[in-house]
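Let's take a walk through this structure together, starting with its aromatic rings and ending with a pair of helices.

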Amino acid sequence: MNEHTDDVDPLFALRALAEPKRRALYDYVVAAGTWVGRDEAADATGLQRGLSAHHLDRLALDGLLEVDYQRLSGRTGPGAGRPAKVYRRTRRDFSVTLPPRHYEYAGRILADAIVEAQTSGRDVSDTVAAAARAAGRQLGAAIRQRVDETGSSGAGRAVVLDVLREHGFEPEQQDDGVVRLRNCPFHQLAQRQTDLICGMNHLLIDAALTEANVGGFNAVLQPDPDTCCVHLTNTANG
């Protein structure tokens, strides 16, 4: 059971750990490695039970702890008492990078490509390209669905930029109509393996735009050490 929503801002959630008492409770629950009740957490950290409960609930609402209800006495049936609220570390991952990076996303694409190369015997460069296009088609389908949900035929361009922004690309519309992607979500990987990662990134965005079929954008590979290697141009301009 979880008491947080799926749209928790990781930066906001992790900020909760700056409070010393809350951090002490979180560290205790993590170290316990199992469900922890309010009384146990309060005793272990030297806090009053009411204050401990408040901080534990806040950690749950911020998505850092999961919640369940269990009988801590081990007894069942009449007289066993009401189940107590218990907490453990969430299985959800939290990651904050500034500027935004999405290495897990790149890792999933590359892992899929390696497995495909191992099982099919195809060249890994071909399977990376196929995996990047497959991920791009999924992204494009999500863009198209969001456009459909807006009910506006003119929303495509704005939705494309919003989705790219959510994925860390930091799109910036320029006066000539070109959209510069100011941030590379795969920066460190691109620094080490520029041709591989920039090529993967280009195929990903190109496939997304093709699948979405909205906004009137072309994905153009234009390596730049200070920005993403892909720029978006207007289809009317080539």
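A residue counts as buried when its relative accessible area is under 20%. In this predicted model, Phe186 has a relative accessible area of 1%, so Phe186 is buried. Phe169, at 2%, is buried too, and so is Tyr105.

How do these rings meet? A pair of aromatic rings is described by the distance of the centres and the angle of the planes. Searching the whole structure turns up two aromatic pairs. In one of them, the ring centres of Tyr105 and Phe186 are 6.5 Å apart and the planes make an angle of 40 degrees, so this pair is tilted. Tyr105 sits in helix H5 (residues 103–120), while Phe186 belongs to the loop between strand E5 (179–181) and helix H8 (187–192), so the pair ties together parts 81 residues apart in sequence.

Phe186 also pairs with Phe169, this time edge-to-face, with 6.4 Å from centre to centre and 90 degrees between the planes.

Now turn to the helices. Helix H3 (residues 38–45) packs against helix H4 (residues 49–61) at an angle of about 110 degrees, and their axes are 9 Å apart. H3 is therefore roughly perpendicular to H4. On the H3 side, Arg38, Asp39, Ala41 and Ala42 make the contact, and H4 contributes Arg49, Ser52, Ala53, Leu56 and Asp57. By class, this contact has four nonpolar, one polar and four charged residues.

How values were computed
Residues numbered from 1 in each chain as written. Predicted model: local features only at pLDDT ≥ 70, side-chain atom pairs only at ≥ 80, totals over all residues. Heavy atoms only, no water. Phe/Tyr/Trp six-rings, centres within 6.5 Å; stacked < 30°, edge-to-face > 60°. Helix = DSSP H or I, 4+ residues; strand = E, 2+ residues; numbered from the N terminus. Buried < 20%, exposed > 50% of the residue type's maximum accessible area, 1.4 Å probe, protein only. Axes fitted to C-alpha atoms, helices over the stretch in contact; angles between N-to-C directions. Parallel < 35°, antiparallel > 145°, perpendicular 65-115°, else oblique. Contact = heavy atoms within 4.5 Å. Nonpolar A, V, L, I, M, F, W, Y, C, P; charged D, E, K, R; others polar.
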